[in-house]
Amino acid sequence: MLTLYHSPGSFSSRILWLLEELEAEYAVEVVSYPKADGSNADPRNPHPHGYTPALSHDGHVVTETGAIALYLTDLFPQAPVGVPPGDPLRGRYLTWLFYQVGLTEPLVYMKGNKLLAQDAPMSYLDGEMMKHIEATLAAGPYILGDRFTAVDILYMSLFEHARPLLGDSAVIDAYLARADRPARRRATQRWQPATQR
């Protein structure tokens with residue numbers, strides 16, 4: 001049994017989207033998200049710091065978005081949203097998953113908190129990263145070319161959230177327009193709080 005620990009309004013929404021793309025059977029445990037000082041963490045959440053997402057699979061816990069995305073897509077190797085071992089795209093898939101969680105998301109966070117202005121090397125890296133992403137998407141329509149994968153779920157959700165920070169980009173705007181997918185609409189309809197519908 002798959003159980004996702006989810007806090008509405010957090011990035012665990014992208015794992016809901018992924019689960020719907022996989023057509024997986026799963027349960028959702030809605031938990032509170034901790035405050036900046038760590039208080040208000042939900043004791044039901046198995047994440048060591050109380051964050052979401054966290055995933056339990058038959059009692060085995062997986063945390064961190066990239067790890068969960070890889071775990072789930074490997075669990076459903078026939079689903080086109082993943083790239084299984086042996087597939088020629090596997091190397092690119094792994095590279096972009098870790099590029100997103102290890103480089104893109106931290107740099108976007110730094111930009112949003114105005115930390116890049118104080119760090120010239122990281123500011124340069126941010127510019128080069130965005131050039132690389134835009135060039136990749138210009139050859140798109142998705143990060144891996146014609147194939148929509150979990151990598152796109154992570155990038156689309158991040159870029160939608162951080163769109164004002166990214167500057168003018170027709171390529172990014174066209175990419176985000178492709179985020180309106182049936183699985184995402186299902187996830188939103190099933191799990192968005194009633195007050196926001």
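1. Contact here means heavy atoms within 4.5 Å. By that criterion, and not counting residues up to four places away in sequence, Asp-74 touches Val-83, Pro-85 and Arg-90. Asp-74 is found in helix H2, where helices (H or I, at least four residues) and strands (E, at least two) are DSSP runs, numbered from the N terminus. At 31% relative accessibility Asp-74 counts as partly exposed; buried means under 20% relative accessible area, exposed over 50%, and partly exposed in between (1.4 Å probe, protein chains only). Asp-74 and Pro-85 are 11 residues apart in sequence and 8.3 Å apart in space, C-alpha to C-alpha.

2. The model is predicted: local features need pLDDT of at least 70 and side-chain atom pairs count only at pLDDT 80 or more, while totals for chains, interfaces and linings use all residues. Residues are numbered from 1 along each chain as its sequence is written, and side-chain values use heavy atoms, with hydrogens and water left out.

3. The sheet. An open sheet is formed by 4 strands in the order S2-S1-S3-S4, with mixed pairing; two strands pair if DSSP finds at least two bridges between them. The edge strands, each pairing on one side only, are S2 and S4 (60–63). From one strand to the next the twist averages 25 degrees (axes are lines fitted to C-alpha atoms, for helices over the stretch in contact, and angles run from 0 to 180 degrees between N-to-C directions).

4. S1 (residues 2–6) and S2 (residues 26–30) pair in the parallel sense over 5 bridges. The chain passes from S1 through helix H1 (residues 13–21) to S2, a β-α-β crossover that is right-handed: with the strands pointing away from the viewer, the path from the first strand over the helix to the second runs clockwise. In S2, the bridge partner of Leu-2 is Tyr-26, and that of Tyr-5 is Glu-29. S1 is also joined to S3 by 4 bridges, and these two run antiparallel; Thr-3 stands opposite Ser-56 in S3. S3 (residues 54–57) and S4 likewise pair in the antiparallel sense, over 4 bridges, with Leu-55 opposite Val-62 in S4.

5. Burial of S1. In a regular strand the side chains alternate between the two faces of the sheet. In S1, Leu-2, Leu-4 and His-6 point one way and Thr-3 and Tyr-5 the other way, and all are buried. S1 is thus mostly covered, with 5 of its 5 residues buried.

6. Helix H1. Since 8 of the 9 residues of H1 are buried, this helix is largely enclosed by the rest of the structure. The buried residues are Arg-14, Ile-15, Leu-16, Trp-17, Leu-18, Leu-19, Glu-20 and Glu-21. They pack against S1, S2, helix H2 (65–75), helix H3 (90–112), H5 and helix H7 (182–191). Just after H1, Glu-23 takes a positive phi of about 55 degrees.

7. Leaving aside neighbours within four places in sequence, Glu-20 is in contact with Tyr-26, Ala-183, Arg-186, Ala-187 and Arg-190.

8. Aromatic pairs. Rings of Phe, Tyr and Trp (its six-membered ring) pair if their centres lie within 6.5 Å; planes under 30 degrees apart count as stacked, over 60 as edge-to-face and the rest as tilted. By this rule the count comes to 6 aromatic pairs. One of them, Trp-17 with Phe-148, is tilted, at 6.1 Å centre to centre and 35 degrees between the planes. Trp-17 lies in helix H1 and Phe-148 in the loop between helix H4 (120–138) and helix H5 (150–161), so the pair ties together parts that are 131 residues apart in sequence. Trp-17 is buried, at 1% relative accessible area, and Phe-148 is buried at 9%. Tyr-33 and Tyr-51 form a stacked pair, 5.6 Å centre to centre with 25 degrees between the planes. Tyr-33 is partly exposed at 37%, as is Tyr-51 at 36%. Trp-96, Tyr-99, Tyr-155 and Phe-159 form one aromatic cluster.

9. Charges over rings. A charge sits over a ring if NZ of Lys or CZ of Arg is within 6 Å of the ring centre and within 35 degrees of the ring normal. The charged end of Arg-181 sits over the ring of Phe-148, 3.6 Å from its centre. The charged end of Arg-178 sits over the ring of Tyr-142, 5.9 Å from its centre.
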